[in-house]
Structures are given as structure tokens and as C-alpha cells.
Amino acid sequence: MSLTRMRNKTHIANEKTNVYEIEEMDNKLLKEILDSRFIAEGVYGFEKYNIDDYKEEYLFSPSFDKRDGECLQKDWNFKNEDLKEINCYELVLTKPLFMPIDTNAFLDLFNLMDNVPKASIFTQVLFCKRQDNWRETAISQYESFLNGNDRPLEGKFSIKWQEKVLGMLTKLNNYTIKREQIEEMEQKILQTNYRFECRFVVYEEKYSKQFVDFLRNALVKIQLFNEFVIKKVGNKRNFLKFIENRQFQLDLASQILSESEMFSMLCDKTSAATVQTVVLEKPIQHTSISRSLEESVVIQKASSCMPYSTSKVVEIDETKITDLNHAFKRVGIVDKPLEVTDIYQGASLLKVQMEVPPEITYTSITKKLEDIKGAMGNKNISIEIGGPDTIDVFIPLDERRPVYFNDILESEEFKEFKEENLLPFILGENVNGGYTFACLTKLRHLLVSGTTGSGKSVFLNLIILCFILGLPPEQLMIYLIDPKMVEFSQFKGFPQVKAVVTDMRKANGLLSSLVAEMENRYEILSQTGCKNIQAFNLKSEQKMPYILFVIDELADLMMVNKSVEGDIVRLCQKARGAGIHLILATQRPSVDVVTGLIKANMPSRIAFAVTSATDSRTILDKNGAEKLLGRGDGIAKIEGSKNEFERFQAPLLTLNKEEEEEIIDKLIHLFDGVVVEGEIEEIKEEEPIDQLKRWIANTGELRVNELARLIGLGNNKVHAMMTELLNEGFLKKPGRSYEINADEEELTKWKDEP
């Protein structure tokens, strides 16, 4: 990445800043700054402090841009201000970067601040010239907009996703949109554009509403295809640091204004300068824009490929095959090299298929596997039965190749698979270098296990994303249980995601609600004479959405309340026909978490790297997962699959965590304005004191320690509740032990129905 591109993507700030006091900001001064030869090399801006008739105005520039007049040591310091009393605001463009505000209207921002009565206000505007390849993004967005995409996002990846969803909606609704070229948008793309941020500090809380209303009414003046909204800042402390440092923020890196828009924002009609733009004789198409830009602007050539393209072909290392035969000879398995019948290279493994002579048995080879590993100097080599008279040897690659989600998603294989399956999702790349998919309607449910760093959470996130992008919002409801509080939080903005629950006690109630929803759905299916959700949706105009219930850490849920196992088993046994599917994940696949009942009802399982062979047997019913390489290297046991076990490399969205967050955020914006009504009716969770009464009434148990275990609370909390029941008269304590004091009618009220 070039320094210029980095500067437009991060928190830009001058190493040193020159500050000059000015009489007022006018078009002459603004034009002079915008024409500066240093405008792309640092941060420029204007600042104003005003209250009633008093005001101060300043211009600041990078240290290497020296101007006439005295250079001041003027810094703003908010440390002594009462943060509770002051309010901070910023202006944010609501539409994509290529959409302009009205350049025939003028706001005159700084003089406008003088008209807010009594309020003490600080105003700061920052700008610098964009030198990166923003025009390529703008052109792609503009072209997508003309094809009917109302809110195109940045980046070819995001736009491609939007257009896929748009195409799907177009097919469903049987309509298309094709817009005519829009001159104002094309002119903005053809002009010089500037990164732009505008901030305000209102020093007294009581004047904040007055200020916001005043500014909001004024901003209406310059609305056109785009508009500025006033956003109140939540984290004032951090925001004030950006002001003090005269520093751009990452969040607004894509907020740009053309030269005309800069004058519309900062000047009045009488002082506005005339901005030269490229004027074309006829409306322009995408190719015309590109040609005009090449003729009028120097464009930095940059690769248009996504940073996660997998077009690079890795050559097979033939020396590993030679080394393998030498190892077989060295440990006494063969006297001469085995014939290699086939070689496959996946993302993380080299698969060598070798023909075994009749005199050599498979067992004689596997018995010496440890010796082979020692001879090869690689402890992660594994051997499996291949076809007739062959073995498959798996050798880890020295340099693993990342598998990218987008590459598989865009593959012809997955597109064909989607056509034939209702809930398709991606597993990853198999050891033969091909892609592996599965369909949740056929699997019923899925059990996933893997330790920290194995790639389990990344895999879960991409399965969820696969469903979000594969089904229209009205056809899918997703409920996520996230005890770590960070794994699923990124999905909160998607309309399909109805809840992200981090409190395990609330998760218990949600699970009970899901069981009730399942029973309700079966009642509806029975009334309509349908066997399952697919038959119902074909027959009924009012479609029944699929429900996906994902638990990131089953062990945490089981620890809080062991009784959830019953709800999970009921759902596993019956929920598939009602369109409800579970994906359960755990780091700890011990028998008290992945119980026999859960395993029996979840035959499809996926294991990433686990800590022991015992854990591998718990999840897969065989050894092997303990030898996986981590970082997405997995084994799938898929019900109905041709191969009972299939090794694969799970995909990544991107290698860059920050970029991943940006992509997810952009995908969320793809669904802006989409509102889908309907959620499962939540059963209110019973209060702990009521749970205690129910346990006592049903079991007769009165020992504090045992009741604490049953309810999943600490001994002290249960003891306090027992004291409360004692005071209430539900219990009595004639000696050191508790006794039930409630009459039979009261106990019947708390007993479960037989």
C-alpha cells in the first residue's frame, strides 16, 4: 500500500502544525488553500470559537506550508472542561461518496455559527486532497447506482454482494430499475475531491438542542442527492483528543467533498468561487468516465483485484515424494520406491496416493507411522486407506495457502450447489483442492468443536454469513448465543439476526421459547395437512421462515443449567421438519457437555484441532482431530456424505482483522432500510426464587448444596433465598434443617404437570 493510500485510510495528523489567526474565512482564502501544492501532503483546516459578539478564527496548515503573518502556538485543551456539561457533534454524509450535495446553494458555515444566540460554540473543519484511487470506487458505485442499487457500498467485493442481492430481489419481484446518467454525480467524480470532517463543541448542555435544531434547519439548504446529518458523539473524551490533535478519524475516511461542495459548505453565494470541471457534450457511460479521467487527471494505477485473490498457483514440491519413499525404505517397509498413482495439493496439505504391493499390508505401514514421521522430520504426517491397494499420505505444506470465502462463494461449483439446496453453506477446500459444501436442511443440525486458535469461531461466523447472504431477510431468523460477548456482536445490524444473547440465563429462556415455537409450528403444519416446512411454503402464501439457532459455547450453557440438555435433545429430534436448525459449538467436547443423547441426535459433526485423542473420539468417534494443524484445518463427519470423514481447510473472509470489520460493516449497510417483522414469542424466564420453589415442590430436596447444583447458583445465593422462603412461610426450620411448611394446595401450584 502506498503512503498516500495509507494516509487516506488512517488517523491522519500533521507531525507539526502552523496556526494563523484570520479575520474571517472567505472564498479567496479557501481557494488559495485548495490550490496549495501541499494540499495532498497534510491536514489543513479552519477553527472558530464564538459566543455572542466575541469570536476567534484560525487557519492551520502542515509545518512545511508557511504563510504570511505570525505563526501562533495555539492549542485547544478541553481537560478542564466538565465533560457532563459539554456536548460534541460532527457532520456525517448519509449517502455514498459519489453522491453530491447541492453546489448551487451555500451554507457559509463559519458565519452561520454567529447566529446561534448565547451558545458558546467551537467549530473545527479539517480537509486534505484525496490522492488515492477513490475515483475507481466512485465509478463502480455510480455504475451500480445506475443499475438500480440505491446505496452502493465501497469496494468491488461489497458492490458485487449488493448486486447479487439486488438480482435476487429483482427475480422475486419481477421488476428492474435502470437510471439515466446524472450530471451532478458525474461532475463530482470528475472534480478534485477532498477528505472532509466538521466538528462542533457546545460548551453548555442547555443550548445543545437549540444549536442542533438551528444547524439541522440550515443544512436542509444544501441537500440534494446527498445530505449531512448531525451526529452526537458518545465517546467525548476520545473525540476531543482528535480535535486537540487536529487529526482525522478512521470512521469518516470515505467522506469526501468535491471542490464545488467545499465552497457550498464554507462560503456564501456572493463570495463563492467558480470551479472548473470537465464538461462533456453528452451523458457519459462508465467507459467515458474512465477515458475523461485519464485525459484530465493523473490516476495512480492500482490493482483492481481483491487483496484476497487465490489466483496464485503453488507448484507441487516433488522432493517431498522422494523423501517419503526414502523414509519408507529407511524404516524397513519397502526395498524399492512405491509407485505414486496420484498427487493432490490443497491449501494446507499435499496428498500423495501410492500403490501398495500385495506383500505389504496397510497395518504394517501404520505401525511404523511414528518412525516415518521421524525419518521425514514432520510429526504431522498422517496415513489413510485410499482406493483398492493404495494408501493416501498427507504431508503438511511448508507454506499454507489461505482459502478465501469470496473465492468459494463466487465459484461455479457453489452456485450450482445453491440451485439444488435450500440452506447451503461452505465448509472449505478439501485435500484434493476442490471445494466442499453442505446443506443444513439435509444435515438437520451441526455439532462443531475445536480449541482456541483452531479456527472454530471464524468458521461459525462464515457459516452465519453464508446464510445471511444466501437467503432473503424475510425467509430467515437467526438467534445467536455468545457467552464470550465478542464473537457474534458484529452480526447485530443484520435484519435476519433477531437476538445476540450473552447472558446464559437468558439463553435458557430463549431455548425454551424455541421449543414452544417448534410445537406451535407443528400444530400449524398439522392443521394445513403439511408434513414439513418445505411443503407448507409451497402451499401457503404466508411463508414460514427458517430459524437458525447458534450456540458458540455449549459448555457455558450446560454449566449454568444442566436441564437445557432436554430442550436441545427435543429440538434435535423434531425441529428439522419445522424449519428450525441448531449449530452447537464447544471448546470442551467432554462427555458431560457433548452427551450421548446430544451426539445420537447430531450425526453431522465438524472437528477442528482438539487437545487430546479422547476429545477427538468424543466428537468424531475416532482419533485424528488431535493431530490437526489448527487455523481452520478440520475434519467433517457429514451425514449421507460419500466419504464418512473429509478433511478440509476452512475459509477466511480476509487476513486483516480491521478489514474484516469494515467488510462486515459494509455488508450490514447493504440491508439499510430492510425491516422484517416477526420473532419467536419469548417465554419469560422464571425468577430464581420461583425456580427454587419448583425444585422443592417437585423433588422435596431441602439441602442447600444440592439445590445450588440443580439451579446452577452459588450456595450463598441459595441460602439467602431459603431464608426468604422461611420468612415467607413456605419453609420452616425447627432445628438446623429446613422443612416444607407450605400446604398441599401451594405445593400443587409449583409442581410440574405429570
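How many helices and strands does the secondary structure of the protein come to? There are 28 helices and 24 strands. The model is a predicted one. Of its 754 residues, 52% count as buried. Among contacts between residues at least 6 apart in sequence, 74% join residues at least 24 apart.

In soluble globular proteins, nonpolar side chains tend to be buried together. The largest nonpolar core here has 62 residues, and the members that touch the most others are Phe425, Leu465, Phe494 and Ile583. Helix α17, residues 456–470, supplies the largest share of this core with 10 residues. A separate core holds 46 residues, including Leu30, Leu107, Phe127 and Leu266.

Which residues is Phe494 in contact with, leaving aside its neighbours within four places in sequence? The partners of Phe494 are Leu465, Ile468, Ile664, Leu667, Ile668 and Phe671. Two of these names return at Gln490, a residue in the loop between β16 (476–481) and β17 (497–501). Beyond its neighbours within four places in sequence, Gln490 is in contact with Asn461, Glu660, Ile664 and Ile668. Gln490 and Ile668 are 178 residues apart in sequence, yet their C-alpha atoms are 9.2 Å apart in space.

## Helix contacts

Two packed helices are described by the angle between their axes and the distance between the axes.

| Helix pair | Axis distance | Crossing angle |
|---|---|---|
| α18 (504–528) and α21 (564–574) | within 10 Å | roughly 30° |
| α25 (688–699) and α26 (704–711) | within 11 Å | roughly 115° |
| α26 and α27 (715–728) | 9 Å | about 110° |

The angle between α18 and α21 makes this pair roughly parallel, and α18 passes α21 in a left-handed crossing. On the α18 side the contact is made by Asn508, Leu511, Ser512, Leu514, Val515, Met518, Glu519 and Tyr522. On the α21 side, the residues are Val564, Asp567, Ile568, Arg570, Leu571 and Lys574. By class, this contact has eight nonpolar, two polar and four charged residues.

Helices α25 and α26 are roughly perpendicular to each other, and their crossing is right-handed. Gln691, Leu692, Trp695 and Ile696 of α25 make the contact with Leu707, Leu710 and Ile711 of α26. Six of the residues in this contact are nonpolar, one is polar and none is charged.

Helix α26 also packs against α27. These two helices are likewise roughly perpendicular, with a right-handed crossing. Val704, Asn705, Leu707 and Ala708 in α26 meet Asn715, Val718, His719 and Met722 in α27. The classes in this contact are five nonpolar, three polar and no charged residues. Leu707 of α26 takes part in the contact with α25 and in the contact with α27.

Is Phe394 buried or exposed? Phe394 has a relative accessible area of 5%, so it is buried. This residue is found in strand β12, which spans residues 390–396. Not counting residues up to four places away in sequence, Phe394 touches Leu349, Leu350, Lys351, Asn380, Ile381, Ser382, Glu384, Val431 and Arg647. The C-alpha atoms of Phe394 and Val352 are 6.5 Å apart, while 42 residues separate the two in sequence.

Asp389 lies in the loop between β11 (382–385) and β12. In contrast to the buried Phe394, Asp389 counts as exposed, at 58% relative accessibility.

## Positive phi values

Most residues other than glycine have a negative phi, and most peptide bonds are trans. Which value does phi take in Asp389? It is positive, about 60°, although Asp389 is not a glycine. Arg444 also has a positive phi, near 75°, and is a residue other than glycine. Arg444 is found in the loop between α16 (440–443) and β15 (446–449). With a relative accessible area of 24%, Arg444 is partly exposed, whereas Asp389 is exposed.

Terms used. Residues numbered from 1 in each chain as written. Predicted model: local features only at pLDDT ≥ 70, side-chain atom pairs only at ≥ 80, totals over all residues. Heavy atoms only, no water. Core = buried A, V, L, I, M, F, W, Y, C linked by side-chain atoms within 4.5 Å. Buried < 20%, exposed > 50% of the residue type's maximum accessible area, 1.4 Å probe, protein only. Helix = DSSP H or I, 4+ residues; strand = E, 2+ residues; numbered from the N terminus. Contact = heavy atoms within 4.5 Å. Axes fitted to C-alpha atoms, helices over the stretch in contact; angles between N-to-C directions. Parallel < 35°, antiparallel > 145°, perpendicular 65-115°, else oblique. Left-handed = near helix turned anticlockwise from the far one by under 90°. Nonpolar A, V, L, I, M, F, W, Y, C, P; charged D, E, K, R; others polar.
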